[in-house]
There are 2 protein chains.
Amino acid sequence: METARELFFAQGYTATGIAQILNSSGANSGSLYHFFPTKEDLLIAVLEKYKILLEPAVIGPAYARAVDPIERLFAVLDGYRQLLTATDFALGCPIGNLALEMSNSHPQVRALVVENFEGWRLAIRHLLEQAQGRLPSEVDLDQLSHFVLITMEGAVMLARAYHDFGPFDAAMASLRDHFERLVQDGSDWSTPKQITQGIQ
Amino acid sequence: METARELFFAQGYTATGIAQILNSSGANSGSLYHFFPTKEDLLIAVLEKYKILLEPAVIGPAYARAVDPIERLFAVLDGYRQLLTATDFALGCPIGNLALEMSNSHPQVRALVVENFEGWRLAIRHLLEQAQGRLPSEVDLDQLSHFVLITMEGAVMLARAYHDFGPFDAAMASLRDHFERLVQDGSDWSTPKQITQGIQ
DNA sequence: GTCTTAGTTGAACGATCAATCAAGTTCTAA
DNA sequence: TTAGAACTTGATTGATCGTTCAACTAAGAC
């Protein structure tokens, strides 16, 4: 199953054959089909695994690299940049890859993709809640967390297509700009603009 | 080739078989292979076609629905929303679909994916240039146009995965908010804030 | 010590995959 | 009128697809 996860991640679901999984893992077809009656069951197990991996593999490391909630948010995003760097754009977001491939057809798989996205988004939302005091009061955290998720998925997609960090970094810079304007706006009513600007 | 384009769009490249293209189009395998020696050549022709379709199928209709450059930008994005509605989330962005599927392996295909993305982005950039007077002078139009493209691709991906417009509309609302703040900031130095606020 | 259950083995299945090719037809130009 | 190139036809190729299954082994229960 671990081998299947890696191969689905690297090549996609359709492009990965059962035979390849068996070769790479050293398992036999009968053993595999004893636990996973169909290829789709294998994919479902992989998607369940990703739900478990979210915290230790994505959120945890980002928390360790920063303390401020907004900085932690960008540390999460930077984690995907590091993955792209380490694999020379071969690996992006495993869920995003499967999302496009499986968004038609299989409803159970799609439901698990949504669960994975929601896990990620709610982790971001949790960070936004911690920064809520600095944001304008009218900001919708569900909306903003969706926006961050969408930006991340789009940025990873484009970076892989371009084999270049230009689009990715542009999105990160724009998103940072957006957050700076939100924070700026959030402090306007309580603190005169001139003072915060004077300190900088 | 037109049938291949539709099937690649709806099902993806790997998931579409030559036999299916032949059945749906009524062509024979020999005829197909006379013009397209490999399946990849067929994909390349499809991607070239998309470059041509950008203007009449995407940009043109959006221009017809709005006049203001920023409104035209959002009209382009709304075009993808309409496509998702019309096909019940079955069809998203044809280039984005292929981008994730082909971002590894074939370099020639990836180059054409990039050309398609760049065509789209430069069309957006052209709109931003027309609105440049309303934006802060320090805004980087290349960065901002990449940001818009990335938001669009991510929004379409998530909408298809969720089978729901929540994420898509959240991204559009956030992007609108970002543009409003840019325009607001762009007018600050020339016009006192109080006056424009008073007019509203 | 035997019965049951869980798990393993790997050859084999029919279907489908992208691709081929010899034969036949249509078009073009001299 | 005719030679040759352009194009079509569809049966067929070997490889690979996901899946099956009868035979086998290992381990715990009574």
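This is a predicted model: local features need pLDDT of at least 70, side-chain atom pairs count only at pLDDT 80 or more; totals for chains, interfaces and linings use all residues.

Colleague: What makes up chain A, in helices and strands?

Modeller: Chain A has 10 helices and 0 strands, and along the sequence the pattern reads α-α-α-α-α-α-α-α-α-α. The C-alpha trace of chain A spans about 70 × 30 × 30 Å along its principal axes. Of its 200 residues, 38% count as buried.

Colleague: Why are α4(B) and α7(B) called roughly parallel?

Modeller: Look at the angle. The axes of α4 (residues 39–65) and α7 (residues 107–130) of chain B cross at roughly 5° and come within 9 Å. Angles under 35 degrees count as roughly parallel, so α4(B) is roughly parallel to α7(B). On the α4(B) side the contact includes B:Leu43, B:Leu47 and B:Leu54, and on the α7(B) side B:Val109, B:Val113 and B:Trp120 are among the residues involved. By class, that contact has 11 nonpolar, 3 polar and 4 charged residues.

Colleague: And why are α1(A) and α2(A) called oblique?

Modeller: Helix α1 (residues 2–11) and helix α2 (residues 18–25) of chain A pack at about 125°, with axes 9 Å apart. Roughly perpendicular stops at 115 and roughly antiparallel needs over 145, so the two helices are oblique to each other. Their crossing is right-handed. A:Thr3, A:Ala4 and A:Leu7 of α1(A) meet A:Gln20, A:Ile21, A:Ser24 and A:Ser25 of α2(A). That gives 3 nonpolar, 4 polar and no charged residues.

Colleague: Which residues touch the most other members of the largest nonpolar core?

Modeller: That core has 104 residues, and the ones touching the most other members are A:Val113, A:Ala155, A:Leu158, B:Val113, B:Ala155 and B:Leu158.

Colleague: How do you know that B:Val113 touches A:Ala161?

Modeller: Two residues are in contact if their C-beta atoms lie within 7 Å, and A:Ala161 is listed among the contacts of B:Val113. Beyond four places in sequence, B:Val113 also touches B:Leu47, B:Ile95, B:Leu98, B:Ala99 and B:Met102.

Colleague: What makes up the side of chain A that touches chain B?

Modeller: The contact takes 39 residues from chain A and 39 from chain B. On chain A, α6 (94–102), α7 (107–130), α8 (141–162) and α9 (166–188) each supply at least two residues. The largest share, 16 residues, comes from α8(A). By class, the chain A side divides into 21 nonpolar, 12 polar and 6 charged residues.

Methods. Residues are numbered from 1 along each chain as its sequence is written. Chains are lettered from A and ligands numbered from 1 in the order in which they are written. A nonpolar core is a set of buried Ala, Val, Leu, Ile, Met, Phe, Trp, Tyr and Cys residues joined through C-beta atoms within 7 Å. A residue is buried if 20 or more other C-beta atoms lie within 10 Å of its own, exposed if 12 or fewer, and partly exposed in between; C-beta atoms are placed from the backbone. Axes are lines fitted to C-alpha atoms, for helices over the stretch in contact, and angles run from 0 to 180 degrees between N-to-C directions. Helices (H or I, at least four residues) and strands (E, at least two) are DSSP runs, numbered from the N terminus. Angles under 35 degrees count as roughly parallel, over 145 as roughly antiparallel, 65 to 115 as roughly perpendicular and the rest as oblique. Ala, Val, Leu, Ile, Met, Phe, Trp, Tyr, Cys and Pro count as nonpolar, Asp, Glu, Lys and Arg as charged, and the others, Gly among them, as polar. A crossing is left-handed if the near helix is turned anticlockwise from the far one by less than a right angle, and right-handed if clockwise.
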